[in-house]
Amino acid sequence: MKQERNLFEPLTLPCGIVLKNRIIKSAMSDSLGDGTGHPTIEQMKLYQRWAKGGLAVSIIGEVQCSSGFAEKPGNLVLNENTDIKRFCELAEKGKENKAHIWLQLGHAGALAYGPTSSPKGPSSLDFPGLRCAALSKNDIHELPPQFARTAFLAMKAGFNGVQIHAAHGFLLSQFLSPLFNKRNDEYGGKINNRIRLLLEIIEAVRAAVGHSFPVALKLNSSDQLEGGFGEKDAIKVVGELENSSVDLIDISGGTYFPGAKAASDKTGTGPYFLEFAKRARTVTTKPLMLTGGFKTLQQAEKAIADGAVDCVGLARALILQPSLPHLWKKGQMPEPNFPRFSQNLEGGVTAWYTMQMLEISKNNETLLPNNLKHAIQVYEERDKMRTNIWLQYFPTINDL
Ligand SMILES: Cc1cc2nc3c(=O)[nH]c(=O)nc-3n(C[C@H](O)[C@H](O)[C@H](O)COP(=O)(O)O)c2cc1C
């Protein structure tokens, strides 16, 4: 059946699940976990607030399958050692107002947070600011069942779907990238090999959750790094995914590689990866989502109406205005008030938005002062506190 192309029309995914509209809160690492990988009350309030604001789905960023390769010590960790009741509560809050809540399954690989891990990527690397060891073949073989187990537990806990994170320079995106992946076995070399782990993970996850549970994927259109994963390979990956069981491909770009520009730190007018999405459309029938740079209702409506993508991902806009979908639907046009930052500090914008999520979770939607230096400072202090908790907790349950 042909679906309407309107931002507020429902979207049916290949697995049969219907999303109430086409606005999705893109995965964001909210750093609101309690340091033992469990959700906090603040986190529950944040997702409840977003659900009330009218979006179709919110995706919790960087939920880890084990504690060994977290992106931050505020990440959630979901496995057999977890107190699942607390995840059930989080799922319940995020589903108010017929919203769906998905978990993004992450593994930071070479970019794992140093103070809580010994980073490992596809190959050993020694770049300025980034050092890691190589995953062994056994390490790699353990990953699909790990992702599958966490996806299954997400479903059991009441979450409505999962997104496999293969973007922004984290593990699966490192496997896709010739810059990170120098392996000469079946997981390295040409793109058909670099994509192998990703395909194995998708199929393991699908086998664990059955046919009617959404399994999405976030993919970079390009890492925007010299010698890294570029559009030519990305189009091949989209083409390959056509034969996989993913329900939705979320297109984004950029990495959190030291010194690189992440999409969440960009300030220009978007949407950023639209031309790539249009090319992707020609090689896949899978529903497409686009994340990066949406600032206005007009931009979001146009991307859907033109048929470029099936749904839009908003990250920063929904931090600035959690009720944006609701207000847009009512025909009110409060374009979010994007702050201007005079300081140019690496990671500063992302830190500012992370701290603003904490404000929302405390029922305060007034924007923080535009002081990136201060945002970085409080963000790092909180991470230090969470690191101490993490390092005490995880060895006791043998999960490091
Ligand atoms: C505070 C913050 C945390 C983020 N964490 C994640 C994450 O955990 N996983 C992910 O895939 N993307 C993450 N992103 C990137 C966003 O999902 C999105 O791709 C990027 O911000 C561009 O979209 P926007 O212009 O709508 O903000 C994060 C962005 C921000 C601002």
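The legends below describe close-up views of a predicted model.

**View 1. An open sheet of 3 strands, with the order β6-β8-β7.** Pairing in this sheet is mixed. Strands β6 (120-121) and β7 (125-127) stand at the edges and have a single partner strand each, so one side of each is left without a neighbour in the sheet. The pairing of β7 with β8 (residues 130-134) is antiparallel and runs over 3 bridges. Within β8, Cys-132 is the bridge partner of Leu-125.

**View 2. Helix α1 (residues 41-52) and the elements packed against its buried residues.** The helix has 12 residues. From its first C-alpha to its last it reaches 16 Å, close to the 16 Å expected at 1.5 Å a residue. Its buried residues are Gln-43, Leu-46, Tyr-47, Gln-48, Arg-49, Trp-50 and Ala-51. These buried residues pack against strands β3 (23-28), β4 (57-64) and β5 (100-106), and against helices α2 (84-94), α10 (316-320) and α12 (348-361). After α1 comes Gly-54, with a positive phi near 105°.

**View 3. Lys-98, in the loop between α2 and β5.** Lys-98 is not a glycine, yet its phi is positive, at about 60°. Lys-98 has 11 C-beta neighbours inside 10 Å; a residue with 12 or fewer is classed as exposed, so Lys-98 counts as exposed.

**View 4. Asn-363, in the loop between α12 and α13 (372-396).** Asn-363 is a residue other than glycine with a positive phi, near 65°. Asn-363 is exposed, and 8 other C-beta atoms lie within 10 Å.

**View 5. The packing of helices α12 and α13.** Two packed helices are described by the angle between their axes and the distance between the axes. For α12 and α13 the angle is about 65° and the axes are 8 Å apart. Angles of 65 to 115 degrees count as roughly perpendicular, so α12 is described as roughly perpendicular to α13. The crossing of these two helices is left-handed. On the α12 side, the residues that meet α13 are Gly-348, Val-349, Ala-351, Trp-352, Thr-354 and Met-355. Their counterparts in α13 are Leu-372, Ala-375, Ile-376, Val-378 and Tyr-379. Helix α12 is also among the elements against which the buried residues of α1 pack.

Key
Residues numbered from 1 in each chain as written. Predicted model: local features only at pLDDT ≥ 70, side-chain atom pairs only at ≥ 80, totals over all residues. Pairing = 2+ DSSP bridges. Helix = DSSP H or I, 4+ residues; strand = E, 2+ residues; numbered from the N terminus. Expected span 1.5 Å × (residues − 1). Buried ≥ 20, exposed ≤ 12 C-beta atoms within 10 Å, placed from the backbone. Contact = placed C-beta atoms within 7 Å. Axes fitted to C-alpha atoms, helices over the stretch in contact; angles between N-to-C directions. Parallel < 35°, antiparallel > 145°, perpendicular 65-115°, else oblique. Left-handed = near helix turned anticlockwise from the far one by under 90°.
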